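Welcome! Here is a short tour of a protein model, going from the whole chain down to single residues. Keep the picture at hand as you read.

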Amino acid sequence: MSTGIDKELVREHYQQMSNEHLIKIATEDAAGMTPEAQHIIKEEIVRRKLNESLIENVQFQNKIYTDEEIAHYYELARNLDCPVCGKSSSKLNGSLTSTVLSFIIFTMSSKTIKIACPACLDKANDSALSLTRIMGWWGIPSGIIKTVQAIELNKKSKKTNHLETANEHLKNFVLLKIKEFDVHQNDKQKLQQIILSE
Ligand SMILES: [Zn+2]
C-alpha cells in the first residue's frame, strides 16, 4: 500500500463494516496486515469507541519476534516434561513420524510432528516404522511407494532425535505455535498442553 488513494480505499472499506465484522477482523484475522492497514483499523476502533483491547489484539497478531525471543521459546519447549513418559531428565526435541496403512482398496498416510524426550521419540518412530512395514505395502501401487517414503522419513527423523540442540522439527513446531508459547510462557501447565500430540 504505497499511495494515499490506497489508504483512503482501505479506510473506507473499514468504515463501511459493521462493528461485528470489524471486531472479528481485529480479533481473528489481523495477522499479516501491512503496518498501514493496522494503523487504519486501529484508528477505526478508536473512532467507534470499541474496546481498546482490540488494538492490542491487532498488534499481537502482527508481532514480529526477535531471534532471541524465538530461541527462548525453543528452550522453553525443550525444558518441559516429556509428554509421553513424564520425565524431565533429558531435554525434549521433535521428530516427524510417518505412518502408512493400506487396506487393499485405499491407503492412508499420516505425518505428525511429535515433541518428547529422545528415547520416546525413538519409540514413536519405531512404532510408526513397524506399523508401516506391516500395514503399508498392501495398496498397489501407491501403498508401496508411500511405504518406502514413510520408512525413509522415520529413519531420517530418528537421526536428529538425540541432537544436543533444538532440531528442525522442534523449531518448526514452536514456530507454528509461537503465539501460544508467547501467551503462556510463564505457565508450565499450559505449555505442557501445547506439546501434547494431537
Ligand atoms: Zn519420554
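The C-alpha centres of domain 1 and domain 2 lie 38 Å apart. Domain 1 covers residues 4-61 of the protein chain, and domain 2 covers residues 68-194. Please bear in mind that this is a predicted model.

**Overall shape**

- The C-alpha trace of the protein chain spans about 65 × 45 × 30 Å along its principal axes.
- The radius of gyration of the protein chain is 23 Å, whereas a compact globule of 198 residues would have one near 16 Å.
- Of the 198 residues in the protein chain, 28% are buried.
- Take the contacts between residues at least 6 apart in sequence: 69% of these contacts in the protein chain join residues at least 24 apart.

**Secondary structure**

- How many helices and strands does the protein chain have? The secondary structure comes to 10 helices and 2 strands.
- Starting from the N terminus, you can follow the elements in the order α-α-α-α-α-β-β-α-α-α-α-α.

**Helix pair α3 and α4**

- Helix α3 is made of residues 35-47 and helix α4 of residues 53-61, and their axes come within 9 Å of each other.
- The two axes cross at roughly 170 degrees. Angles over 145 degrees count as roughly antiparallel, and α3 and α4 are therefore roughly antiparallel to each other.
- The crossing in which α3 passes α4 is right-handed.
- To find where the helices meet, look at Gln38, Ile41, Lys42 and Ile45 in α3, and at Leu54, Ile55 and Val58 in α4.

**Helix pair α6 and α7**

- Helix α6 (residues 118-135) packs with helix α7 (residues 142-158) at an angle of about 165 degrees, and their axes are 10 Å apart.
- That angle makes α6 roughly antiparallel to α7.
- α6 passes α7 in a left-handed crossing.
- On the α6 side, the contact is made by Asp122, Asn125, Ala128, Leu129 and Thr132. On the α7 side, Thr147, Ala150, Ile151, Asn154, Ser157 and Lys158 take part.

- Lys49 lies in the loop between α3 and α4. Its phi is near 55 degrees, a positive value in a residue other than glycine.
- Is Lys49 buried or exposed? Lys49 has 7 other C-beta atoms within 10 Å; a residue with 12 or fewer counts as exposed, so Lys49 is exposed.
- Thr66 is found in the loop between α4 and α5, where α5 is residues 67-78. Thr66 counts as exposed because it has 8 C-beta neighbours inside 10 Å.
- Thr66 and Asn172 are 106 residues apart in sequence, and their C-alpha atoms are 16 Å apart in space.
- Ser89 sits in the loop between α5 and β1, with β1 covering residues 93-102. Ser89 has 9 other C-beta atoms within 10 Å, so Ser89 is exposed.
- Ser89 and Asn79 are 10 residues apart along the chain, and their C-alpha atoms are separated by 9.2 Å.

Methods:
Residues are numbered from 1 along each chain as its sequence is written. This is a predicted model: local features need pLDDT of at least 70, side-chain atom pairs count only at pLDDT 80 or more; totals for chains, interfaces and linings use all residues. Domain bounds come from an automatic or database domain assignment. Helices (H or I, at least four residues) and strands (E, at least two) are DSSP runs, numbered from the N terminus. The radius of gyration is taken over C-alpha atoms; the globule rule is 2.2 Å times the number of residues to the power 0.38. A residue is buried if 20 or more other C-beta atoms lie within 10 Å of its own, exposed if 12 or fewer, and partly exposed in between; C-beta atoms are placed from the backbone. Two residues are in contact if their C-beta atoms, placed from the backbone, lie within 7 Å. Axes are lines fitted to C-alpha atoms, for helices over the stretch in contact, and angles run from 0 to 180 degrees between N-to-C directions. Angles under 35 degrees count as roughly parallel, over 145 as roughly antiparallel, 65 to 115 as roughly perpendicular and the rest as oblique. A crossing is left-handed if the near helix is turned anticlockwise from the far one by less than a right angle, and right-handed if clockwise.
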